[in-house]
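Reader: I have a structure to look at and a few quick questions. Can we go through it together?
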Amino acid sequence: MAEAKAAKAAKITNKTKKAGPEKTLVIVESPSKAKTIGKFLGSGYKVTASVGHVRDLPKSKFGVDIENGFIPQYINIRGKGDVIRELKKEAKNAKRVLLATDPDREGEAISWHIAHILGFSEKETDRIEFNEITKGAIQNAVKTPRPIDMSLVDAQQARRVLDRIVGYKISPLLWRKIRTGLSAGRVQSAALKILVDREREIRVFVPEEYWKITVQLAKRSGEKTPFEARLFLVNGEKTQVPDKKTADGILAALASGTYAVSDVEMKERRRRPYAPYTTSTLQQDASNKLGFQTRRVMSVAQQLYEGVSVRGHGTIGLVTYIRTDSVRISAEADQAAKAYIEEHYSKSYVGNNVFSNKKKDIQDAHEAIRPSYVELHPDEVKDSLTPDQYKLYRLIWSRFVASRMAEAVFDGVSADVQNGDFTFRATGSKLRFDGFLKVYQAASEEDEGKLLPDLAAGEPLDEKGVNAEQNFTQPPARFTEASLVKELEEKNIGRPSTFVTIIATLTGRHYVTREKKSLVPTELGFAVTELMENYFKEIVDAGFTGDMEDKLDDIEANGTPWHSVVADFYDVLKDELKTADDEIDKIRLEDEVTDEICELCGKPMVIKQGRFGRFLACSGYPDCKFTKPIVVKVEDVACPLCGKDILVRKSKKGKTFYGCSGYPDCKQVFWYKPVNKKCPKCGALLVERSGKNFKFACSNQDCDYRE
């Protein structure tokens, strides 16, 4: 029966190819990509877009036939009727159809679904792929079509069905036991547990006191500029100064002694450039360097990939495909970059770096993220790009070019200074050759650019000041989007292309809140994680989730039957579901009581979590239904216009700003947090606006004061 169906499909395909005018139809996912590609292919081609997926599992029901091999019950996506009709019409009138969706599992599955809708067999349909949207890459792709890769499709289907099973089987349990509107996810729940575990570490952390002892020293002749050395050894062993009493004892001993250089070590230090970006490292670096959230990174990167209008070049794709785990680049791109470096810098800046992927598997199918045209310097296209596009393109261009450049070379020096039983160490370095740092600034090191005078062993030194500073050990840092992305990648949880959705779901379900740049789990997040830990250990276990990713890779790389992977997972899950439903009682989350008093009945107000975030509600509910928004004021800062409080507010787009509580009579607004300090230059309030060399800036846009 399957053979007859395939033959019928092939017959339809052949018939289609003979009919209509002599045009080839190329189907892509995105309208903007269609526009760019259409300009490269000319009049013999028509390029149209499917606008993403055209078929998927239904939202209104489970949609997976568990009893018959976990067969997914796909339907045409609601609202896609006009798109599907247009695709069928264009295919009917074309001499040939080429499916040019994205070159990954998701793109392969979209091509497979489009082929099904058009009545084609995957064996007969022409599938093309390209890593960059350039004229050469597109023209080469149409010359080398291939059948749809069912291993890629099956890997995507397995992921989709696994996620549907977890979401549609566990989520209703959460609704019954905790609260409606909650969700669980195969990757989402493991990511949430990572955040919860870190918060648990922070809550039980006990700070330990320690003291840092430093001394300012100077030569007795020649260069007398003081330099700093830090206590390193006591009696030849590394030690921690635990308290003030010990610190005072050391200071007293130092006062009765003298300082002399005991050892000087000169050492060349080389710093190797970083590999070009993968999806994950781009998300991390753009978050750290540009302050972009992962969703913003991927949105802007997609625009650069699909094509932007560049003056003098028309609409072109500026970067290669943005969803990749590989650091590999093509030989052509390597040669082009090295030629550019030699021409614009010098031959001494050309490097010969080899980077390898952490995982040597099917994810190496695509190159690293790089500029499509290395000769297009970011400043040359700046006027054609939005500010976000320019910043991200500059980051991608710089990282790629730097990856083909020579190492940076430093002259490093380390000097040990002895005073009795106490050894102090001073370090410094001088940049001898900037190498890749010419185009890409890496994270700075403490001793970088800090010079020491010429020192010789046995040379006596004068003490210009000694300092003992009390410190306390700090708890582990909360995760930011960048550090969570790094953790998920290292633990092999999910794929970088899904990280945006994961973080959006965690915040959207109110499992996590944002405090500045940190992701902080809520009590709801704790409750859901504790339930999952007790009854669905595998779902939240990072090791299990990572192993599942490897199995999905095996489906793609080795043709492992996807149904068996899903079946093995479901056999464990179905027993856990029954146990959980039988044993878990209704979980009641305790409301956080505040100092606010209800204006109607006088009872305390509590913090509730609603659809649009947290709000205050009367603890006397349902007898009293009074609610009001949570108002957070900026402490110790008064409105410069009217003297009233400054409140933390949210714009309609969710952006935080700071406005006068006297609104609408007073319309004073700050887009950055104001501080109780006036600008010495113009008298306006300063705001927190950290830059490379400053922490505060003037709130007056016409004033350039920084400090």
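Author: Start with a term: helices (H or I, at least four residues) and strands (E, at least two) are DSSP runs, numbered from the N terminus. This is a predicted model, in which local features need pLDDT of at least 70, side-chain atom pairs count only at pLDDT 80 or more, and totals for chains, interfaces and linings use all residues. Residues are numbered from 1 along each chain as its sequence is written, and side-chain values use heavy atoms, with hydrogens and water left out.

Reader: OK, where is Ile630?
Author: Ile630 sits in the loop between strand 23 (627–629) and strand 24 (632–638).

Reader: Why does Ile630 count as partly exposed?
Author: Because its relative accessibility is 31%. Buried means under 20% relative accessible area, exposed over 50%, and partly exposed in between (1.4 Å probe, protein chains only).

Reader: New topic. Where is Arg186, and is it buried or exposed?
Author: Arg186 lies in the loop between helix 6 (150–177) and helix 7 (188–204). Arg186 counts as buried, because its relative accessibility is 3%.

Reader: Which side chains does Arg186 have polar contacts with?
Author: The Arg186 side chain has a polar contact of 2.9 Å with that of Asp163, and another of 3.4 Å with that of Glu549. A polar contact is a pair of N or O atoms within 3.5 Å; within protein, one must be able to donate a hydrogen and the other to accept it, and residues adjacent in sequence count only if both atoms are side-chain atoms.

Reader: And Trp112, where is that?
Author: Trp112 is in helix 4 (residues 105–118).
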